[in-house]
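Reader: I have a structure open and would like to go through some of its elements with you. Could we begin with a strand?

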Amino acid sequence: MGEGRDWRRTINWAALGLGLAVVVLLATQARWAGGGAQREPGALFGEARQGGLTVALGQAAADVKVTEARAPGRPIVLIDPGHGGPDPGAPGVSGQVTEKQLTLTFARELRALLAERGRVRVALTREDDRALSLEQRAAIARKLGARLLVSIHMDSAPNPLARGATVYSLSDVASDAEAARFAEAENAQSNIFTSERDDQVRFLLADLALRDQMEDSAALAARLVKVAGPGMLLRPEPHRFAAFHILRRSEVPGVLFEAGYISNADDEALLITPEGREPIVAALARAIETELSLRMAK
Ligand SMILES: [Zn+2]
């Protein structure tokens with residue numbers, strides 16, 4: 001398995017090399033053509049990630065605080081509690097909770113556990129009940145220079161018997177029709193793409209980096225499924241793929257995690273108690289730490 005990943009990496013790097021050569025060629029052509037000067041060059045892909053904490057974070061990220069790790073220089077994990085403000089997300093079957101409340105509770109508990117273990121720095125996209133667009137959430141990940149993004153959600157289905165957690169990683173092609181519909185519904189919250197600003201060069205670089213991003217996103221999702229203990233109920237085929245706007249636009253590897261179905265009475269009963277959440281939060285923390293330590297060792 002590791003060998004396969006290495007191979008793909010080698011191919012990706014070769015592709016990146018080729019891509020850069022084409023970029024230089026395109027840039028040269030643009031200068032010769034003269035007309036290219038009218039095209040706003042824009043920022044090259046990845047530029048935002050060079051911004052450290054000293055860079056002004058803009059309005060969306062203004063309130064984002066980073067919990068430090070025990071040692072300096074550790075990577076930042078960004079935890080994104082889904083929904084918030086006027087968008088409650090799915091209602092709980094008991095009528096006592098909504099998705100936006102539980103996502104925030106999960107995010108706080110995950111941050112507390114990661115901070116206690118001290119191996120990574122942690123930040124939350126929102127600390128309270130506020131509205132954030134998907135684009136703002138993704139922008140926070142870019143501006144913070146986060147190394148992983150975990151967006152937390154609670155599932156809901158018309159079938160009251162549907163139970164268990166699902167983890168979605170980023171892909172151009174959805175794993176199944178349900179995943180595609182889900183991504184479409186999630187993406188509907190997002191603002192319009194700024195595609196007119198994306199010139200050829202930017203597309204090419206983004207495409208190459210995107211392959212690495214998707215690969216690391218899938219690795220994190222697979223890791224989470226692997227470390228799930230008996231206290232974390234998973235759906236059949238718990239790792240699914242789809243084109244999630246927030247995962248793509250964050251430009252960092254990430255997953256969208258559905259902790260369980262609040263439309264199911266048993267799942268909801270677990271998700272609303274600290275004891276029920278504990279094994280899920282622990283699995284998330286383990287998966288995050290392992291993936292980051294593996295990546296930093298490369
Ligand atoms: Zn949701």
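**A strand and its neighbours**

Author: This is a predicted model. In strand E5, Ala165, Val167 and Ser169 point one way, while Thr166, Tyr168 and Leu170 point the other way, and all are buried.

Reader: How many residues of E5 are buried?

Author: Six of its six residues are buried, so E5, which spans residues 165-170, is mostly covered given that buried means under 20% relative accessible area.

Reader: Which strands pair with E5, and in what sense?

Author: E5 pairs with strand E6 (residues 234-242) in the parallel sense over five bridges. With strand E7 (residues 254-261), E5 pairs in the antiparallel sense over four bridges.

Reader: What is the bridge partner of Ser169 in E6, and which residue of E7 stands opposite Thr166?

Author: Ser169 has Phe241 as its bridge partner in E6. Thr166 stands opposite Glu258 in E7.

Reader: Let us turn to the helices. At what angle do H2 and H8 pack?

Author: Helix H2 (residues 99-117) and helix H8 (residues 274-297) pack at an angle of about 55°, and their axes are 9 Å apart. The two helices are therefore oblique to each other. Their crossing is right-handed.

Reader: Which residues make the contact?

Author: From H2 they include Leu102, Phe106, Leu110 and Arg117. The residues from H8 include Arg277, Ile280, Leu284 and Glu289. By class, the contact has 11 nonpolar, one polar and five charged residues.

Reader: And H3, is it mostly covered or mostly open?

Author: Helix H3 (residues 134-144) is mostly covered, with nine of its 11 residues buried. Among them are Leu134, Glu135, Arg137, Ile140 and Leu144.

Reader: What do the buried residues of H3 pack against?

Author: They pack against strands E1 (66-67), E2 (76-81) and E3 (121-124), and against helices H4 (177-187) and H6 (245-250).

Reader: Which residue follows H3?

Author: Gly145 follows H3, and the phi of Gly145 is positive, near 75°.

Note on methods. Residues are numbered from 1 along each chain as its sequence is written. This is a predicted model: local features need pLDDT of at least 70, side-chain atom pairs count only at pLDDT 80 or more; totals for chains, interfaces and linings use all residues. Side-chain values use heavy atoms; hydrogens and water are left out. Axes are lines fitted to C-alpha atoms, for helices over the stretch in contact, and angles run from 0 to 180 degrees between N-to-C directions. Angles under 35 degrees count as roughly parallel, over 145 as roughly antiparallel, 65 to 115 as roughly perpendicular and the rest as oblique. A crossing is left-handed if the near helix is turned anticlockwise from the far one by less than a right angle, and right-handed if clockwise. Contact means heavy atoms within 4.5 Å. Ala, Val, Leu, Ile, Met, Phe, Trp, Tyr, Cys and Pro count as nonpolar, Asp, Glu, Lys and Arg as charged, and the others, Gly among them, as polar. Buried means under 20% relative accessible area, exposed over 50%, partly exposed in between (1.4 Å probe, protein chains only). Two strands pair if DSSP finds at least two bridges between them.
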